[in-house]
Amino acid sequence: MTSPALVAVTGAEGFIGSHLTEALVAAGHRVRAMAQYNSFSSYGWLETLAPDVLDQVDIVLGDVRDPGSVQALTEGAEAVYHLAALIAIPYSYQAPHSYVDTNVTGTLNVLEAVRRQEIPRLVHTSTSETYGTAQTVPITEDHPVNTQSPYAASKAGGDRLADSYHASFATPVVTLRPFNTFGPRQSMRAVIPTVIGQVAAGAQTVTLGDLRPTRDFLYVKDTAQAFLAVGTAPAEQVVGRTFNAGTGEEISVGDLTRLIGKLMDTELDVREDAERIRPANSEVMRLVADASRLRAATGWEPGHTLQSGLAHTIDFFRDPAHLARYKTGIYNI
Ligand SMILES: NC(=O)c1ccc[n+]([C@@H]2O[C@H](COP(=O)([O-])OP(=O)(O)OC[C@H]3O[C@@H](n4cnc5c(N)ncnc54)[C@H](O)[C@@H]3O)[C@@H](O)[C@H]2O)c1
């Protein structure tokens, strides 16, 4: 029997990274998974994966801001999935330097490691936030980039470096640009866990930011499959290209909240909280994906509807052991 192909994942202990790690193992890979170094020796969500999955995962503590740490992670890998990032928009107003260090310099370190070690495939993670409020819908990959927050700007900086490494050094990088992802394990910085978490904790009144923006919500297992699709497709179909991953359907935060209330059998009183309202020009008002490029190149399709994904997410948050990991009573930035 041949040994499973080794792949490396940054941000593996996070929300999407932990689901991707499971999906990679299910697809027959061995995973070297970076969790950010911390004094608690915490492996984040990786600690909750099933023992037979963890048998195929080597967890290493490290930091993408440190080039040596990244070199050690990627050595001998057949593919690198780079998800590590600072992701919260509100915190990017407070600590923008850390976003540049992590999302721009961290990406540069990953690109350098892949280039120097001649790793055959790098999947770099972008975000729909780089488009800003949709100027045309649905949003294709040719839509202008308009970065309305330091977070979006730092992610676009990483994207541009990835493009430049492909152009300058033929680094085999493919960029995946997921639209808003949701599901079990997501932090309460995002709207869906904020609503479900507050209701699961017994609240009748949920506190949110602006209710008008629309988003295209993709269930996390479909996002993980999109990563796998671009990570394993023949090089000529994907390398040097950027791919949107989204459903093509949009819903406003207000309508989404009402839908969650219905699914949780709760009459919700929704309050807008001034502290959660973003500066007017920074709020992205509309995002909806055209993912036809990804479908054509890889055959990827989302396997979950918004309703079915929400049902799984509600089940997750209703489990008291899961809910206990969250702070439902504060504004999580
Ligand atoms: N959640 C979404 O809706 C969404 C949408 C589009 C793109 N993305 C992108 O997907 C990726 C994963 O996001 P997520 O939602 O899982 O967020 P997350 O915060 O759960 O995961 C990010 C992980 O990166 C790690 N990290 C941060 N700084 C690091 C450092 N210096 N060194 C090593 N690791 C570090 C964090 O510990 C965390 O586990 C990010 O690149 C994000 O920009 C997310």
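I am working on a predicted model, where local features need pLDDT of at least 70, side-chain atom pairs count only at pLDDT 80 or more, and totals for chains, interfaces and linings use all residues. Residues are numbered from 1 along each chain as its sequence is written.

**Ligand shell.** I looked up the 27 residues around the ligand; Gly 11, Gly 14, Phe 15, Ala 84 and Ala 85 come nearest. Helix 1 (15–26), strand 2 (30–36) and helix 5 (96–116) each give two or more residues to this shell. Helix 1 gives the largest share, three residues. Near means a C-beta atom, placed from the backbone, within 6 Å. Helices (H or I, at least four residues) and strands (E, at least two) are DSSP runs, numbered from the N terminus. I then sorted the shell by class: ten nonpolar, 13 polar and four charged residues. Gly counts as polar here, and charged means Asp, Glu, Lys and Arg; Ala, Val, Leu, Ile, Met, Phe, Trp, Tyr, Cys and Pro are nonpolar, and the others polar.

**Strand 4.** I checked its pairing next (at least two DSSP bridges between two strands). Strand 4 pairs parallel with strand 1 (residues 6–10) over four bridges. Val 7 stands opposite Ala 79. Strand 5 (residues 122–125) also runs parallel to strand 4, with three bridges. There, Tyr 81 stands opposite Val 123.

**Helix pair.** I found helix 1 packed on helix 8 (residues 220–232) at about 60°, axes 9 Å apart.

Notes:
Axes are lines fitted to C-alpha atoms, for helices over the stretch in contact, and angles run from 0 to 180 degrees between N-to-C directions.
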